[in-house]
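Colleague: I would like to go through the labels used for this model and hear what each one rests on. Please give the value and the cut-off each time.

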Amino acid sequence: MDSIYASSSCTVPHLLRRDTLLLLPRTSNFTAPYSLQRTKRARRVRISSSAATNGAVSRALQAVSSTALEQLDIERGVCIPFRKYSPEIVPAACCYLGFKTLFENTNPIKGVRNKVLESRGSTLSLMLRGVEIVWNLGLYWSNLVYDFLVGRDEEVVPYRARQLRNLLCDLGPSFIKAGQVLANRPDIIREDYMNELCILQDDVPSFPNQIAFRIIEEDLGQPLEAVFSKISSETIAAASLGQVYRATLRATGEDVAIKVQRPGIEPIIYRDLFLFRTLASFLNGISMQKLGCNAELIVDEFGEKLLEELDYTLEARNLEDFLENFKNDPTVKIPRVYKQFSGPRVLVMEWIDGIRCTNPQAIKEAGIDVDGFLTIGVSAALRQLLEFGLFHGDPHPGNIFAMRDGRIAYVDFGNVAVLSQQNKQILIDAVVHAVNEDYAEMANDFTRLGFLSPGTDVTPIIPALEAIWQNSAGKGLSDFNFRSVTGKFNQLVYNYPIRIPERFSLVIRSLLTQEGICFTLKPDFKFLEVAYPYVAKRLLTDPNPALRERLIQVLFKDGLFQWKRLENLIVLAKENVAKMSNNPALKVKDTQIQRDWKFERKLDLTDTIKDGARLFFVDEGIRRQLLLALTEDSKLHIEELVDVYRLVEDQIDIPSVAVEVAR
């Protein structure tokens with residue numbers, strides 16, 4: 001069945017997940033014309049619709065957006081009809097838009113409430129667990145109140161923060177995961193508590209091998225010996241949701257990693273999520289005042305991601321998506337997934353024979369080019385965020401490997417996040433507004449991204465944003481780091497009714513974690529000196545019309561053409577190409593990859609110049625602006641034009657450009 005997406009914006013949405021974004025059947029009442037554009041994978045279809053259609057869908061969604069999940073769907077620009085998590089049954093917005101037919105031939109989604117209450121002995125279990133949670137959290141809260149009353153609340157913060165971390169560990173896996181989320185939510189807790197929760201570990205004792213092996217055999221439907229010639233007697237890693245073994249496939253002799261889910265974990269998670277949401281309903285008033293949203297929405301964001309981590313079939317699809325995105329990139333290694341041996345509780349992946357970033361000394365002793373490794377790591381992270389819109393949500397040092405040939409490898413794809421095309425474009429808008437020092441529009445970007453509820457007065461936030469950016473940008477690229485900016489941003493978020501959407505908290509955590517890895521391997525590494533040239537290159541070379549528009553916005557400020565800014569962009573983009581083309585990881589032995597991968601030895605601006613020339617002739621406004629740029633301040637800017645030409649003369653195919661201009 002051909003389908004389109006429902007988007008809360010007139011911006012053409014981008015297909016992120018084949019299992020999440022198929023929304024509106026063609027049999028619906030929305031009859032505007034559609035055009036289909038197939039992506040590289042046959043099972044993915046990207047569809048664009050007219051602005052009128054998007055507006056109609058947006059109004060229809062907004063008309064029924066009465067629940068927290070519906071609010072999340074509208075904010076993201078997507079609806080998820082077959083979601084793993086639902087507090088009740090089916091999102092009402094989807095049914096309203098004609099989704100009844102999609103669910104008629106499938107089992108209805110069991111909400112958290114239904115799944116918990118239908119189990120045997122559920123009432124007693126809920127009562128006992130509820131008493132345990134309320135007693136422990138209530139006792140902790142009473143200590144905080146007592147500290148405040150006696151005037152010692154500030155001096156005991158380090159102790160209380162450690163006490164909170166230990167309490168979350170004692171309350172089990174759901175609370176450990178909740179603590180890890182809170183460690184990246186300055187909108188909910190203050191920074192000193194966040195810093196303590198950052199060291200919250202997910203390591204727990206492993207469960208017995210015989211139980212793990214029984215689960216593997218149940219999912220495989222055959223004995224272990226039939227599939228694996230050997231399997232490690234000890235776990236390689238153990239966490240609150242599962243543990244990992246190393247094994248060898250009997251048929252091929254390949255080494256693999258087997259991830260096994262902890263037995264009985266799913267009912268525990270469902271029970272705790274039910275209690276979380278019940279308790280959250282009592283905090284809606286405080287949450288609306290503090291964050292501009294109800295507390296149930298926060299729980300729903302958390303629950304959705306947590307249940308995704310429990311579904312190993314979804315993690316297998318995550319792996320396939322990352323493999324597709326990086327299939328021709330010789331600098332990035334993504335493990336293959338063996339779906340024939342995997343199931344909901346077992347995941348079999350290619351074994352990664354590299355050095356974990358938890359051991360920086362071993363990486364240096366292996367003779368790996370640290371600068372080259374960090375450069376491809378930053379580039380891979382930025383490609384995930386800005387190019388693919390699908391990124392690793394938990395890139396801590398244990399999940400990132402340095403391969404001995406200089407490549408970077410990722411493991412553990414249970415926690416990934418997606419950014420819609422709309423979100424990516426708004427992020428780029430925010431960068432453009434920051435570069436142009438347009439802080440009023442930058443504040444409005446926060447509303448468009450979901451940080452502020454619609455209708456919020458952004459006037460008080462504008463001076464704070466200006467102070468943060470001016471302080472950070474004034475230091476220059478060499479001294480800029482995300483942690484210092486994030487620290488100031490955390491104070492802003494805590495003091496204003498700003499909520500950080502879950503996907504953006506993962507973006508922040510991802511950038512901070514990877515910057516931390518860079519500093520561990522090389523203390524004087526300048527993260528932005530790699531990131532900024534990548535962004536400059538994308539702005540100058542990406543044919544996406546939206547990015548072309550942003551490039552124009554960057555080059556004009558207050559109606560004046562920024563000659564120096566254009567020169568800087570070209571210099572930085574050339575620097576990015578030079579660093580990547582000389583990277584040791586590009587010495588690929590795989591002839592297929594060598595054939596598919598286009599090594600960029602120079603910054604090719606031919607298409608950009610062609611598009612610029614075409615725009616000059618067809619767009620009167622741009623033509624007038626460019627002509628004025630050459631005669632600003634009552635003088636001809638021939639010298640600036642010559643300087644730019646000298647920078648790009650070896651980066652463009654002049655005959656090709658001349659033919660395009662003549663045409």
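Modeller: Helices are DSSP runs of H or I with at least four residues, numbered from the N terminus. F504 lies in one such run, helix α22, residues 502–521. The model is a predicted one.

Colleague: What makes F504 count as buried?

Modeller: Buried means under 20% relative accessible area. F504 has 3% relative accessibility, so it counts as buried.

Colleague: Which residues does F504 touch, leaving out those up to four places away in sequence?

Modeller: F504 touches L419, N423, L427, L449 and F451. Contact here means heavy atoms within 4.5 Å. As for distance along the chain, F504 and A417 are 87 residues apart in sequence, with 8.9 Å between their C-alpha atoms.

Colleague: What does the largest nonpolar core consist of, and which residues have the most contacts inside it?

Modeller: The largest nonpolar core has 65 residues, and I334, F373, V378, Y410 and F451 have the most contacts inside it. Helix α17, residues 370–388, gives the most to this core, with 9 residues. To belong to a core, a residue must be buried, be of a listed nonpolar type and be joined through side-chain atoms within 4.5 Å. In soluble globular proteins, nonpolar side chains tend to be buried together.

Colleague: Which residues are in contact with F373, leaving aside neighbours within four places in sequence?

Modeller: F373 is in contact with C357, I368, I400, F401, A402, G406, R407, I408 and L521. Another core, of 33 residues, lies apart from the largest one and has Y193, F274, V299 and L310 among its residues.

Colleague: Why is Y146 called partly exposed?

Modeller: Its relative accessibility is 46%, and the partly exposed class runs between the 20% limit for buried and the 50% limit for exposed, so Y146 counts as partly exposed. Y146 has its place in helix α6, residues 122–149.

Colleague: What makes the nonpolar patch that includes Y146 a patch?

Modeller: W141, V145, Y146, F148, L149 and V150 form this patch on the surface, with about 690 Å² of accessible area together.

Colleague: Are R129 and D272 buried or exposed?

Modeller: R129 has a relative accessible area of 8%, which is under 20%, so R129 is buried. D272 is at 0%, so D272 counts as buried too. Salt bridges that share partners join R129, E132, R271 and D272 into one network.

Colleague: What makes D219 and R345 a salt bridge, and where do they lie?

Modeller: Their closest N and O atoms are 3.1 Å apart, within the 4 Å cut-off. D219 has a relative accessible area of 23%, so it is partly exposed. R345 has 28%, so it is partly exposed as well.

Colleague: How far apart are the closest N and O atoms of E324 and K327?

Modeller: They are 3.4 Å apart, and E324 forms a salt bridge with K327. K327 counts as partly exposed because its relative accessibility is 41%, between 20% and 50%. The structure holds 31 salt bridges.

Colleague: How many residues of the protein chain are there, and what share is buried?

Modeller: The protein chain has 663 residues, and buried residues make up 52% of them. Its secondary structure comes to 30 helices and 17 strands.

Colleague: What is the mean pLDDT of the chain, and where is the pLDDT below 50?

Modeller: The mean pLDDT is 75, and 76% of the residues reach 70 or more. Over residues 1–66 the pLDDT is below 50, and this stretch has 145 contacts in the model beyond near neighbours in sequence. Residues 591–596 also have pLDDT below 50, with 6 such contacts.

How values were computed. Residues numbered from 1 in each chain as written. Predicted model: local features only at pLDDT ≥ 70, side-chain atom pairs only at ≥ 80, totals over all residues. Heavy atoms only, no water. Buried < 20%, exposed > 50% of the residue type's maximum accessible area, 1.4 Å probe, protein only. Helix = DSSP H or I, 4+ residues; strand = E, 2+ residues; numbered from the N terminus. Patch = residues over 30% accessible without salt bridge, like charges linked within 9 Å, V, L, I, M, F, W, Y side chains within 5 Å. Areas by Shrake-Rupley, 256 points an atom, 1.4 Å probe, with all protein chains shown as cover. Salt bridge = Lys/Arg side-chain N within 4 Å of Asp/Glu carboxyl O. pLDDT = per-residue confidence, 0-100.
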